[in-house]
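These questions ask how the labels given to a structure follow from their cut-offs. Each answer sets a value against a definition.

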Amino acid sequence: MKSLFQNFRVLVALLVVSGLLGWATGGLQAADAATTNAVASADGHAHGVDGHVHAGGEPDFLAQIGYSYLTAYMFCLSLCMGALFLVFLHHLFDASWSAPVRRVAEQMSAVLFPWMLVLLLPILALQSKIYPWLSIDPATDHSLDVKKILFNRIAFNVLVPALVLSWGLIAHTFRRWSIAQDKDGAAIWTKKSRVLAAVGIFYFAFSLTLGCFYLMKSLQHQFFSTMYGVYYFAGSVWTTLATVWVVVLYFKDRGPLSQVISKRQIQDLGVLFFAFTVFYAYIHFSQYFLIWNAAIPEETFWYVGREQGSWKWVGFTILFGHFFVPFLVLLNQDVKMNPAIMVPMAAWAWLMHYVDMTFNIMPVPHPHGLHVTFWDPLFWAGMVSVLGYFFLKNFRSAAPYPLRDPRLKEAVTHHEVPAPGATVHH
Amino acid sequence: MATTATRATAAHGAGGKATKHPHDVPPVLRVAEPPAELAREALVLNNRSLGWITEAIAGICEKPMPKWWWPVFLLSAGGMTMMFSLVAYLIATGVGVWGLNQPAAWAWDITNFVFWIGIGHAGTLISAVLFLLRQKWRTSINRAAEAMTLFAVACAGIFPVVHTGRVWYALYPGFLFPVPNANAIWPQFRSPLLWDVFAVSTYGTVSLLFWYVGLIPDLATLRDRARTLIRKFSYGLFALGWTGSNRHWCNYEKAYLIFAGLSTPLVLSVHSIVSFDFAVSVVPGWHTTIFPPYFVAGAIFSGFGMVLTLLIPMRALFNLHDIITTRHIELMCKVLLATGSIVGYAYGMEFFIAWYGGSPYELYAFKNRAFGPYWWAYWSMISCNVISPHFFWSKYLRTSPVFVWVVSIFVNIGMWFERFVIIVTSLHRDYLPSSWGYFTPSWVDVFTFVGSFGLFMTLFLLFIRFLPAIAISEVKNVTPQADPHHPLGGAKGHH
């Protein structure tokens with residue numbers, strides 16, 4: 001606990017430094033933006049598409065790094081928030097099937113603090129390069145002017161770290177209570193977790209919406225959609241379920257979860273993955289269809305921009321890759337328990353979610369088409385590796401499943417419990 | 001219990017033995033029993049026998065109806081007659097007998113339609129979605145909820161048809177049904193009103209078949225218990241020769257699963273398409289991308305509200321406390337709390353985006369909702385839908401049937417107001433201030449809506465009179481006796 005607070009102090013210091021750095025570069029950026037805006041097309045400027053793009057049509061070095069980093073960050077944030085949602089779900093539903101897999105989700109979400117907060121620092125440092133709205137005078141932009149209470153540099157620098165910090169603290173609280181129950185088996189930990197889940201889910205819903213508005217949607221601050229928070233949430237949980245499926249199977253085969261994970265858990269995770277495949281498609285279709293059908297320029301520009309050049313094909317890739325392919329593959333019941341199909345499917349889900357994040361972010365610096373740089377895989381692989389390392393470290397530090405969860409008995413008696421004295425075979 | 005718990009802890013090294021790594025696999029898995037305070041309550045109380053369950057449920061439609069049934073039935077049938085009379089008056093005279101007019105050309109008619117369609121969501125949700133999620137508690141309430149779905153869809157179907165004015169054109173040769181006619185008038189396939197026709201009729205058909213398939217084993221039970229030839233013939237005809245053989249059960253289970261799979265997307269699609277009636281437009285307050293899931297959540301919310309409104313009195317009047325237990329009521333309250341909160345999120349999101357988007361028209365529409373002439377409707381909606389479910393944070397309140405019943409009425413009221421607020425407050429002040437108006441319902445509006453409850457209740461009362469209101473075979477399936485591995489399992493001692 002002591003080291004946690006020591007880390008916390010260091011982290012706050014780093015946040016302050018990053019914020020100041022971002023602020024300081026903001027002045028330079030504003031001057032740069034003034035020049036850029038003068039040559040940018042009126043339409044492009046109005047929608048923030050060309051705001052940080054050089055005259056040649058490409059972002060500068062730091063901006064490119066910022067956007068590549070942000071894409072990787074939003075991908076990883078999805079996994080953490082999806083895992084946190086699975087923990088919420090378990091407690092809210094008083095579920096039994098998910099008891100043996102809950103610790104995996106708890107440990108995945110626990111990397112939110114401090115690691116996702118630490119990884120936020122470069123975004124704060126490069127904020128002026130990444131977010132065009134930070135360089136726009138609200139007096140010259142109606143859509144920014146109306147929301148300047150929320151969209152200003154102070155609010156951004158305070159609220160975004162606060163949101164990530166609060167998610168991390170919630171995840172740590174769940175994990176701490178869960179591990180405490182391993183020791184004494186007391187009902188109080190379950191009761192406290194249920195209360196936190198019931199109250200926290202409200203905060204989770206609103207804060208995740210605000211978080212993805214700030215970090216991703218605000219790249220084109222003129223765009224508005226009431227569905228956007230749900231859209232990010234649906235994709236996040238989808239990717240997380242695929243990830244948890246693979247992780248759980250890995251640890252079942254490797255031993256730690258071998259006695260508590262049965263076909264039931266594997267299948268149920270697969271079924272939920274399938275359900276969220278449909279849910280994501282439903283949400284994204286609804287958003288697209290309603291915007292397309294109404295054809296109001298204030299909204300359609302967002303999708304029109306994503307039909308330019310090769311972005312159109314990225315859109316089609318999401319349509320088929322995020323929905324039709326997994327939908328058709330997962331329809332069969334047996335597939336959901338077949339690692340030969342599900343492991344590649346999970347890798348596909350990662351790829352598709354990354355493409356989805358790219359589709360949201362990258363048309364801002366590259367409005368004319370998809371442009372993959374060296375930085376994209378580098379940041380993605382680096383961030384996933386760092387977080388994966390800390391996840392494994394967390395996971396090994398405690399029991400691999402909630403040893404004395406009150407619903408564990410229900411979960412494990414669905415398969416044969418070895419007789420006393422039986423030896424374990426691997 | 002303490003012994004096994006201690007062993008488990010020691011085996012996993014979480015209790016204190018430093019030499020063991022938490023990830024060492026113990027030779028024997030020992031899992032502690034849950035603490036008594038967290039043990040799940042039984043779904044059928046007092047360890048009732050299978051015979052008792054049959055008698056308690058089948059007995060309702062075999063014995064003469066209690067004294068209250070006839071007055072309530074006559075009152076409901078009177079309401080139904082009133083509604084059909086007013087519909088006849090409307091058709092004979094024209095839609096001018098309603099209070100709607102420009103700019104509010106939709107008002108109580110479509111409000112009532114969406115209200116009833118929403119009510120019709122809980123049945124299939126309980127039957128299909130909760131079935132797929134293996135929520136065993138659904139078995140005590142699914143039958144009545146499914147029946148309620150069908151009756152609500154019947155009520156809903158009336159309003160969009162009669163609101164067209166010349167209903168004979170709507171039906172045949174019609175602009176609602178895809179039947180080409182002599183005047184070459186084809187349906188407008190780009191209109192969401194037409195999508196409604198497909199969505200609602202598909203939903204109604206699949207819900208009816210799903211309900212009927214579930215009824216077959218129970219109809220056979222009633223057939224086998226029948227004491228008169230007419231009853232035996234009637235139930236026997238619809239029981240389709242069910243004998244309860246292994247093969248029958250196998251086919252039944254497969255059919256049930258397929259219907260559950262088919263119904264689940266329908267639950268989502270119907271109200272999503274109903275939401276498109278509004279969201280595809282460019283009307284401030286209507287065009288918002290969250291409408292589809294928001295409408296679905298609202299429909300589940302209102303459907304569960306109505307299930308509670310009907311089942312709490314039914315439970316008391318037919319003494320079904322051991323089958324529809326306090327746990328069932330409590331769980332439904334939690335569903336209300338969850339879906340009411342989702343609806344609350346959507347209300348908040350609409351307001352937030354109206355502000356965030358910077359469109360003055362959108363922002364005005366929402367300010368007008370909350371503080372304009374219909375402020376009373378808006379705040380009634382907020383009070384009933386967003387605030388009232390939060391009483392269910394208290395276990396004491398959600399286990400008090402009377403209190404729950406009162407809140408369920410508020411939910412019904414609130415969800416009607418939600419549709420009224422969406423429709424009327426967005427329409428009554430359009431882009432041209434000179435054409436602004438204030439909608440007031442006529443007496444025909446009011447009594448047609450009141451009469452629709454008569455139709456709904458008449459059908460429901462007939463349902464509990466002639467059909468098993470609770471799924472007998474499904475409730476038996478969740479008793480300990482049905483599980484051969486349970487300490488109280490029926491297979492014990494019978495081998």
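**Labels and their cut-offs**

Q: Why is B:Asp322 called buried?
A: B:Asp322 has a relative accessible area of 11%. Buried means under 20% relative accessible area, exposed over 50%, and partly exposed in between (1.4 Å probe, protein chains only), so B:Asp322 counts as buried.

Q: What conventions apply to the values?
A: This is a predicted model in which local features need pLDDT of at least 70 and side-chain atom pairs count only at pLDDT 80 or more, while totals for chains, interfaces and linings use all residues. Residues are numbered from 1 along each chain as its sequence is written, chains are lettered from A and ligands numbered from 1 in the order written, and side-chain values use heavy atoms, leaving out hydrogens and water.

Q: What makes the pair B:Arg48 and B:Asp322 a salt bridge?
A: A salt bridge is a side-chain nitrogen of Lys or Arg within 4 Å of a carboxyl oxygen of Asp or Glu. The closest N and O atoms of B:Arg48 and B:Asp322 are 2.6 Å apart, so the pair qualifies. It links distant parts of the chain, 274 residues apart: B:Arg48 lies in the loop between α1 and α2 of chain B, B:Asp322 in the loop between α11 and α12.

Q: What makes A:Lys409 and B:Glu33 a salt bridge?
A: The side chains of A:Lys409 and B:Glu33 meet at 3.4 Å, N to O, so they pass the same rule. Between chain B and chain A the count is 5 salt bridges.

Q: How do you know that chain B touches chain A?
A: Contact means heavy atoms within 4.5 Å, and 49 residues of chain B are in contact with 74 residues of chain A.

Q: Where is confidence lowest in chain A?
A: pLDDT is the predictor's confidence in each residue, from 0 to 100. In chain A, helix α2 (residues 42-46) has the lowest mean, 43, and helix α14 (residues 339-361) the highest, 98. Helices here are DSSP runs (H or I, at least four residues), numbered from the N terminus.

Key
Helices (H or I, at least four residues) and strands (E, at least two) are DSSP runs, numbered from the N terminus.
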